[in-house]
Amino acid sequence: MAIKNINTPIFPFTAIRGQEEMKLALLLNTIDPRIGGVMVMGDRGTGKSTTIRAVVDLLPEILVVKDDVFNSSITDQDLMSDDIRKILYKNTQNITLTYKKVPMIDLPLGATEDRVCGTIDIEKALTKGIKAFEPGLLAKANRGILYVDEVNLLDDHLVDILLDSAASGWNTVEREGVSIKHPARFVLVGSGNPEEGELRPQLLDRFGMHAEIKTVCDALIRFKVVEERLKFDRNPEKFLDKEYDNLKYIRFTIKKAQYLLPKVKLSYEFRLLISQVCSELNIEGLRGDIVINRAAKAHAALNDNTVVGAFDIVNIIVLCLRHRLRKNPLGSAVTSQDKILALFVEKFNDYITF
């Protein structure tokens, strides 16, 4: 008897209560992957993995070359493998296209560098005597989301590889005389528990945004969250039917924001004020400035605006700078969030409306 391919129901994004920071950061990165990914740090059992998997289910399907392991696009050369580029150059009619869900790739903690980056295809080497490339997880993650749970426990050299690929959009492999460069543009999402250790500041800085997740303390909210989850477990189809309209609306919102993003403008005055905030906070490097600019535009697009306002910046600036602040070795009663927001109010005071 044939076994049917049954899709496991995913808890809907619209039914997740609380954790607004994480939800916003994930949505903005799906609208503009160039923001640089999200680092989600928080307590155990706070729904980090559930939320990350739920956001993938919201994304519109992508048009890819059929049976191509790199999920190649035929309209964007930066998302196209060398083989597809050569075929296009010769004869476009040879390519069959299909729609598929945005891929989500889980990277296990025990993964080797060869498994992540790709390596020599041993089978072809032994049977056909040719050197061929066997794609790794970075190839499969192209145009999708790469999720690393407990990223703070991952070997630093693997984190470096992931961040380099996420930033450049390409993965270069040199193995036994085989040299290949393939597209690897993905949204990198890492999660972890701060009790198990922090990432080095040099690595943490490479993530575009940093969301802090805390356990809900309000008893009524906890009760509602548990009730929703139990209802979903009892009858996923009925639960998803109830959320259908909400899911349809947010999917439409994301698709519209992706279309609107190139048209969004950020004024010279705001760009200057953003850099002044970063400068006075002693943010090392320029990543903070760049990420705020991109995230503010994505936030404006999400809210159906073509001009970035102070409202857009205040909603994302903490997410973009929290992990880039230098830590005070003596400790301080002032949190990083308070420090960033206080300086924002000072600089943007003339543009804030109540």
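Leaving aside its neighbours within four places in sequence, which residues is Leu321 in contact with? The contacts of Leu321 are Val277, Cys278, Leu281, Ile283, Gly288, Ile292 and Ile340. The model is a predicted one, and its chain is divided into domain 1 (18-213) and domain 2 (263-351).

**Nonpolar cores**

- Leu321 belongs to the largest nonpolar core, which has 69 residues.
- Together with Met209, Ile292, Ile313, Ile316, Ile317 and Phe348, Leu321 is listed among the residues with the most contacts inside that core.
- The core draws at least three residues from domain 1 (18-213) and at least three from domain 2 (263-351).
- Another core, of 31 residues, lies apart from it and includes Phe70, Cys117, Val173 and Leu188.

**Domain arrangement**

- The centres of domain 1 and domain 2, taken over C-alpha atoms, are separated by 27 Å.
- Contact between the two domains involves 17 residues of domain 1 and 15 residues of domain 2.

- H13 is mostly covered, with 12 of its 16 residues buried.
- Among the buried residues of H13 are Gly288, Asp289, Ile292, Asn293, His299 and Leu302.
- Gly288 and Ile292 of H13 are also contacts of Leu321.
- The cover over the buried residues of H13 includes helix H1 (20-31), strand E11 (209-213), helix H11 (244-260), helix H12 (268-280) and helix H14 (310-321).
- Lys297 also lies in helix H13, but counts as partly exposed because its relative accessibility is 30%, between the 20% and 50% limits.
- Not counting residues up to four places away in sequence, Lys297 touches Leu261, Val264, Leu266 and Val308.
- Of these contacts, Leu266 is 31 residues from Lys297 in sequence, with a C-alpha to C-alpha separation of 7.0 Å.

**Residues with positive phi**

- Asp304 follows H13 and lies in the loop between H13 and H14.
- The phi of Asp304 is near 65°, a positive value in a residue other than glycine.
- Asp304 is partly exposed, with a relative accessible area of 44%.
- Asp67 likewise has a positive phi, of about 65°, although it is not a glycine.
- Asp67 is placed in the loop between E2 and helix H3 (82-90).
- With a relative accessibility of 76%, Asp67 counts as exposed, since the limit for that class is over 50%.

- Ser72 is found in the loop between E2 and H3.
- A relative accessible area of 1% makes Ser72 buried, because buried means under 20%.
- Beyond its neighbours within four places in sequence, Ser72 is in contact with Leu63, Val64, Val65, Leu79, Met80, Ser81, Ile84 and Arg143.
- Thr51 lies in helix H2 (residues 48-56) and is buried, with a relative accessible area of 1%.
- When neighbours within four places in sequence are left aside, the contacts of Thr51 are Phe13, Ile16, Met22, Lys23 and Leu26.

**The second largest pocket**

- The second largest pocket holds about 740 Å³ of space.
- Its lining comprises 25 residues, of which Pro33, Ile62, Leu79, Arg143 and Gln258 lie nearest the centre.
- The elements that give two or more residues to this lining are H1 and strand E2 (62-65).
- H1 provides the largest share of the lining, three residues.
- Leu79 and Arg143, named above as lying nearest the pocket centre, are also contacts of Ser72.

**The segment after helix H15**

- Asn349 is located in the segment after helix H15 (336-348).
- At 45% relative accessibility, Asn349 counts as partly exposed.
- Asn349 and Ala310 are 39 residues apart in sequence, while their C-alpha atoms are 9.2 Å apart in space.

How values were computed: Residues are numbered from 1 along each chain as its sequence is written. This is a predicted model: local features need pLDDT of at least 70, side-chain atom pairs count only at pLDDT 80 or more; totals for chains, interfaces and linings use all residues. Side-chain values use heavy atoms; hydrogens and water are left out. Helices (H or I, at least four residues) and strands (E, at least two) are DSSP runs, numbered from the N terminus. Buried means under 20% relative accessible area, exposed over 50%, partly exposed in between (1.4 Å probe, protein chains only). Contact means heavy atoms within 4.5 Å. A nonpolar core is a set of buried Ala, Val, Leu, Ile, Met, Phe, Trp, Tyr and Cys residues joined through side-chain atoms within 4.5 Å. Domain bounds come from an automatic or database domain assignment. On a 1 Å grid over the protein atoms alone, a cavity is a set of points where a 1.4 Å probe fits but cannot get out, and a pocket is an open set with protein on both sides within 12 Å along at least five of seven lines; lining residues have an atom within 4 Å of a point. Grid points are joined across faces, edges and corners, and a volume is the space filled by probe spheres set on the points.
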